[in-house]
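Dear colleague,

I am passing on the structure we spoke about, together with some notes on what turned up in it. Please look it over before reading on.

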Amino acid sequence: MSTQAREMEQGGTRPSLYKTLFATCIGNALEWFDIAVYGFFASYIAHVFFPTANPTVSLLLAFGSFGVAFLIRPLGAIVLGAYADKHGRKASLLLSINLMMLGGAMITFMPGYATLGVVAPLLILVARLIQGFSAGGEFGSSTAFLVEHFPERKAFIASWQFATQGASTLLASAFGLGLAQWLTAEQLQEWGWRIPFAFGLLIGPVGLWIRRHVHEPAAYAQAEKPAHPVKLLLGAQKRLVLLAIGLMVVSTAINYMLNYVPTWATKSLGLPPSSAYSATLLAGVILTVVTPIGGLLAERVGRVKLLWVALVLMAFTLLPAFWLTSLNVTPLSLALLVGWMALLKSIYFSTIPSLMADIFPVSTRASGMSISYNVAVTVFGGFAPFICTLLIGATGSHFAPGLYLMVTVFLSVMALWQAQKQHR
């Protein structure tokens, strides 16, 4: 047993609950803040780095570099997840936050196309690839770190992983609204869009310093370290990976459906952009506040019971909610739909990280969680807007996105049912 493990057994170096929360969630917050900021300021980034005669083509190129980061996330999950299982949760967390800061610094300080020519968009693409790779390993390592330090509070402490996503979106929205008020359009285009990215760089060193001063969980320090955790996962434990992906399906689908709402509301329903962005702002508030409350509730009533309540409500209300919104198109109906989706997602999401952690043994936990989480996000989340747009075009129905959510609800119901059988 290592010296650190013996110290922790003696109770001398166990970190505080709040220090551990901050050390792990800061990376998750930085990841989602960068994602939201890039999306909000994509038109400015397109003008600086992807200039073409057609503004739409420039925007498509900017979003293309944004989307590529999701394709590399599974690779980051494999590499960094395995690194966390072989060399430690702390080592992986330090590596991922350093990579996040590198990608953020490149975007913040990169000269535009006018200065570097074609090199500028290529380096922005590299920056997004670095960020996507680092994000791929962040969730599994940080969640494993949390639940292994505080197994008696795992539902509550792991719920903060997703609460910070909502908080990061809110912060990015605040930057967007504030800069639009304080700066002229020319100032925003020239340098103002770089301010939120620079703010993200200020967050990074704080998280890096704190992560350097936390210790490995005793459960990991005492566990056997597999030589090839990914090979073990995809061999003897592939059923566990499929279960974890299934549990994540509906949650990540709703998450990216909320991101799709502004496009759906303006293009399909004909609502003004202000109504769409107000609804997503409401969703951010709900996700931030309700998710940790759901974690506390799970400690009292049980995680599985709470998950079934959320899934049953999704199954019986989401499609009718989309249908009613498409019949009665008003800013209020859109806000009610988005608020309801965010509420159900918060309840469901609050228990998923700790439940996914319990599915995998300590020896392959970081790899298993990272791979299953990122496969679900890439396939069922990243492609959700594309699938919903196809469904609307094929059916001619504005409530077609609700059909996609019904499919994902069914997949998660089957996964939860199988997970219960395995636990018994």
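At what angle do helix H14 and helix H16 pack, and how far apart are their axes? In this predicted model, H14 (residues 273–301) packs with H16 (residues 331–349) at an angle of about 25°, and the axes lie 8 Å apart. Because angles under 35 degrees count as roughly parallel, H14 is roughly parallel to H16. The crossing of H14 and H16 is right-handed. On the side of H14 the contact is made by residues including Ser 275, Ala 279, Leu 282, Ile 286 and Val 290, while H16 brings, among them, Pro 331, Leu 334, Val 338, Gly 339 and Lys 345. By residue class, the contact of H14 with H16 divides into 13 nonpolar residues, five polar and one charged.

The other item concerns the largest pocket, which holds about 1,900 Å³ of space. Its lining is made up of 49 residues, and those nearest the centre are Gly 39, Phe 40, Phe 63, Asn 259 and Tyr 277. The helices that each supply at least two residues of this lining are H2 (17–40), H4 (55–87), H8 (154–182), H13 (238–268), H14 and H19 (384–395), and of these H4 gives the most, with 10 residues.

With best regards

Technical notes:
Residues numbered from 1 in each chain as written. Predicted model: local features only at pLDDT ≥ 70, side-chain atom pairs only at ≥ 80, totals over all residues. Heavy atoms only, no water. Axes fitted to C-alpha atoms, helices over the stretch in contact; angles between N-to-C directions. Helix = DSSP H or I, 4+ residues; strand = E, 2+ residues; numbered from the N terminus. Parallel < 35°, antiparallel > 145°, perpendicular 65-115°, else oblique. Left-handed = near helix turned anticlockwise from the far one by under 90°. Contact = heavy atoms within 4.5 Å. Nonpolar A, V, L, I, M, F, W, Y, C, P; charged D, E, K, R; others polar. 1 Å grid on protein atoms, 1.4 Å probe; cavity = no way out; pocket = protein on both sides within 12 Å on 5 of 7 lines; lining within 4 Å. Points joined across faces, edges and corners; volume = space filled by probe spheres on them.
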